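Some notes on the model follow, as numbered points. They cover a helix pair, a sheet and a chain contact.

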Amino acid sequence: MAGLMSKLLKFKSIRTTIVLSFTVLIVSVVLIFATISYSRGEKVVFSIATDYVTQLNEQINRNIDTYISYMENVAQLEINNEDVKEYLFTYADAGKRAVIGETISAQFSVLRETRQDIHNIGIIGRDGSYLINDRYVTMNKNVDYHRMEWFQEALKGNTVLTTSHVQNIVADDYQWVVTLSNGITNPETGRVEGVFFIDLNYSLISSLCESIDLSNRGYVFIVDDQGNIIYHPKQQLIYSGVREENIEEILSNKGGSYLAADGDKIYFTAKSENTGWTVVGVSYKSEMMEQMNETRRMYVVLAILLLVLATVLAVIFSNALTKPIKELRKSMKEVETGNFDIHLEDSDAMNEIGHLQNSFRIMIYKIRQLIENNKTEQEAKRKSELRALQAQINPHFLYNTLDSIIWMAESSKTEEVIQMTSALSKLLRKSISNEDELVTVEREIDYVKEYLTIQKMRYQDKLEYEIHVDEEVLKVPIAKLVLQPLVENAIYHGIKYKEGKGLIQITGFVRGADVVIQIKDNGMGMEEEKLQSILVQTGPADSKRVGVQNVHSRLQLYYGKDYGVRYESKLGEGTTVSITVPYLR
Amino acid sequence: MEKRKILIIIAAVLIAAAGIVFSVKIIMDTGTERPYIIYIPKRKSGTDFWVSLVAGAEMAAKENEAILEIVAPEEETDIEGQNRRILEAIEKKPDVIVVSPNSLEKNLEVLKQVKKAGIRLIYIDSVTSENIQDAIVATDNYQAGRKMGEYAKKNIDKSSVIGIVSHVKNSSTAEEREKGFRDALGDYASQIVEVVYSNSNYDIGYQEAMKLLEKYDIDCLACLNENSAVGAARAVVEKGLGGEILMIGFDNSTEEIKFLEEGVFSAIVVQRAYSMGYLGIETAVKSITQDTWPANIDSGSLLITKDNMYDPENQEVLFPFYGN
């Protein structure tokens with residue numbers, strides 16, 4: 001499992017790894033949350049809806065109960081009111097009755113003014129005497145109130161709460177009301193002989209129900225315990241059969257909620273024990289689903305936005321994280337190719353990568369130092385080598401010259417010995433004692449001239465020489481004592497064994513960026529084999545060859561592999577040796 | 001290296017853009033298009049009939065989550081005004097235009113333009129002479145007329161003189177009610193002496209009825225709409241003939257109901273205006289949300305007498321309650 005994981009996560013770059021793992025993490029978190037919300041969504045929506053509608057129903061019930069119990073209180077007050085009884089049952093003279101009537105109607109007026117929801121309030125005697133609101137109200141003569149249920153039932157001594165109906169007892173007044181009526185007992189006969197009634201404005205109940213907002217299509221209605229509709233927003237549609245409401249089902253359902261047979265409507269019922277009315281809230285399951293789908297869509301949208309955000313963040317994060325790594329890698333690549341001269345900033349990031357960068361920087365710095373040290377050491381080594389070679393050449397020259405002097409002394413050529421010795425001493429003073437590594441070509445030519453003077457003494461007419469060096473070459477610096485050994489070599493190996501006159505020609509000229517000095521002799525020349533080996537040091541220093549090899553080594557040590565000594569030779573015709581040095585001014 | 005970076009940025013931008021576009025699309029999808037309906041009734045809600053009808057229409061609009069706009073001409077006789085409003089409604093490009101045409105003929109040309117504009121056309125209450133509508137929701141006026149005739153037939157004899165106070169000549173409702181009335185009367189139909197027109201105006205109705213009463217010894221008077229009924233009843237009461245003449249009214253208003261209570265009217269036929277409005281808008285919605293819908297709906301009528309006027313189902317129709 002872990003192996004598979006690491007295999008899966010083996011991406012080419014850290015950034016991809018970070019972005020992907022980030023995204024995978026966010027996706028799974030979002031998915032888990034979405035799934036939970038999704039699966040719990042339905043339950044939650046239904047339970048919220050149930051709570052909400054139930055609360056609303058109970059609130060409506062409480063409000064209605066408050067109204068009704070207020071009316072009941074008023075009714076209790078009025079049916080026990082002595083004035084009311086006297087007005088209805090004692091048939092006193094008209095004058096006194098009018099006074100009592102005044103008092104009662106004043107009371108009614110106060111009640112109606114304090115409670116706008118009371119439409120009518122009145123008392124009616126069995127004999128036809130009545131008092132409604134105030135004394136100026138006349139009854140609707142076309143209506144027989146004796147036939148009204150609320151009147152009949154009240155006369156039986158019951159407290160009646162009607163369903164909603166049009167109150168037509170007052171002339172020219174047709175108001176939708178709910179009527180509460182009570183019987184009034186005649187204290188003399190002990191029988192119920194009058195009726196008190198109070199009409200509660202129906203708009204109070206309807207607006208109470210209409211004010212309830214149960215989503216778009218949801219609605220609230222009220223039925224009484226007989227199944228009569230007190231309020232229903234689609235009352236007319238129900239009567240005309242356009243819409244149906246299964247009242248029986250509602251009445252048989254004691255509180256709580258249930259799903260209607262159509263599978264869409266959900267009924268929430270709450271019955272008031274006080275009024276016997278049942279408040280029914282109707283919600284549509286499809287509408288709830290719609291809401292839920294909306295919520296779900298919101299989840300999806302949110303998830304997508306989160307994903308986009310997470311991806312962007314992951315890219316930014318990983319970029320920020322991998323950028324220094326990448327730079328570090330770039331620097332390392334440079335170093336790999338051998339360029340140590342890179343500029344690495346001191347990272348201010350205090351994280352691992354910062355430390356890494358700093359360490360790398362320090363490492364590069366140390367390597368550079370090592371290289372620097374190495375160079376200095378090499379230089380020192382080269383110099384000491386050079387000095388060693390120099391030291392080698394001096395005695396070599398001395399031996400040769402001293403050999404000549406000996407040879408001349410043997411021949412008793414005193415004059416020549418003196419001349420040569422003085423020339424030697426001059427030469428030594430001029431050159432060998434000179435500590436400088438570099439001298440001008442002109443100086444070198446001078447040495448050679450001195451040397452040739454000495455050699456001419458020895459070889460007499462057998463040695464001729466010509467020197468032709470360009471003006472600009474004369475001032476060019478050159479490692480010292482490079483020409484003399486070559487000239488010496490030309491004499492000893494070229495001219496010495498030649499029969500007849502030998503000629504040494506020395507020329508100096510500029511060729512491109514180089515200065516070339518050629519020493520040409522018309523001596524014996526060399527075989528190919530010898531030519532090949534002339535510059536290669538084989539075995540311990542051979543005194544005969546030491547000169548040429550020494551010069552070549554020194555030139556190469558001094559100027560690099562591109563410079564040095566080159567031989568061209570043909571057997572029997574002569575040898576040309578060229579020195580190439582950089583043209584320095 | 002640079003190229004890859006650009007590719008990654010482009011990919012990220014594309015993904016982000018796709019995500020946002022997708023999200024926006026989902027959000028947009030939630031708001032399914034609500035049907036937009038304009039209703040042009042015959043007139044401004046002056047009578048209980050129109051109040052009920054509009055209330056029913058609004059209930060249906062609420063229930064179906066439709067946008068309902070109601071623009072009414074001032075008077076039932078204002079055919080010009082109604083035509084103008086229909087033309088204005090076409091400009092607004094609703095899904096459905098619902099009309100209660102004031103004239104059988106004179107609204108026809110304008111209503112044809114509704115169809116031409118590709119807008120559904122639903123009639124409520126009344127029709128035009130040509131069937132260009134997508135559906136009609138109305139009281140079956142012929143049946144309503146028959147109910148009047150059948151009631152009259154039971155209470156008259158061969159010597160009874162019968163008069164009719166109609167409303168607007170050539171209007172579909174007037175013609176159909178009259179036809180139903182005549183058909184139900186059967187042989188008695190020949191006893192109809194004259195048809196007068198109130199032009200849906202109380203005063204004209206009163207005057208015309210007065211003329212009728214003076215001209216003939218009327219025994220039975222059938223009034224074909226509310227204005228005609230109230231106008232005629234005022235005349236009858238003024239003549240002192242309340243309760244003497246068998247009067248049958250049509251539609252309802254407080255005044256008409258009082259006449260019924262007093263016994264001036266023996267019976268009135270009322271339309272289920274609320275249902276009509278409700279079913280009208282419901283059909284309008286169906287006409288754009290469903291493939292098929294009923295083309296002809298009778299919203300119903302009922303005959304109410306003094307004895308049953310306070311029955312729960314009847315008082316609901318007679319005294320429409322709309323939260324006042």
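This is a predicted model: local features need pLDDT of at least 70, side-chain atom pairs count only at pLDDT 80 or more; totals for chains, interfaces and linings use all residues.

1. α5(B) passes α6(B) in a right-handed crossing (a crossing is right-handed if the near helix is turned clockwise from the far one by less than a right angle, left-handed if anticlockwise). The two helices pack at an angle of about 35 degrees, their axes 6 Å apart. Axes here are lines fitted to C-alpha atoms, for helices over the stretch in contact, with angles from 0 to 180 degrees between N-to-C directions.

2. Residues are numbered from 1 along each chain as its sequence is written, and chains are lettered from A and ligands numbered from 1 in the order in which they are written.

3. The contact of α5(B) with α6(B) divides into seven nonpolar, six polar and nine charged residues. In this count Ala, Val, Leu, Ile, Met, Phe, Trp, Tyr, Cys and Pro are nonpolar, Asp, Glu, Lys and Arg charged, and the others, Gly among them, polar. Contact means C-beta atoms, placed from the backbone, within 7 Å.

4. Helix α5 of chain B (residues 141-155) has 15 residues and spans 22 Å from first to last C-alpha, close to the expected 21 Å (1.5 Å times one less than the number of residues). Its buried residues include B:G145, B:M148 and B:Y151, where buried means 20 or more other C-beta atoms within 10 Å of the residue's own, C-beta atoms being placed from the backbone. The cover over the buried residues of α5(B) includes α6 (172-185) and β5 (135-138) of chain B.

5. Chain B has an open sheet of six strands in the order β2-β1-β3-β4-β5-β11, with parallel pairing (pairing needs at least two DSSP bridges). β2 (67-70) and β11 (296-298) of chain B are at the edges with a single partner strand each, so one side of each has no neighbour in the sheet. Strands β3 (96-99) and β4 (120-124) of chain B pair over four bridges; B:V98 has B:I122 as its bridge partner in β4(B).

6. α10(B) lies across β1, β2, β3, β4, β5 and β11 of chain B and runs at about 165 degrees to β4(B).

7. The contact between the chains takes 31 residues from chain B and 34 residues from chain A. On the chain B side, α1(B) gives the largest share, nine residues.

How values were computed:
A residue is buried if 20 or more other C-beta atoms lie within 10 Å of its own, exposed if 12 or fewer, and partly exposed in between; C-beta atoms are placed from the backbone. Two residues are in contact if their C-beta atoms, placed from the backbone, lie within 7 Å.
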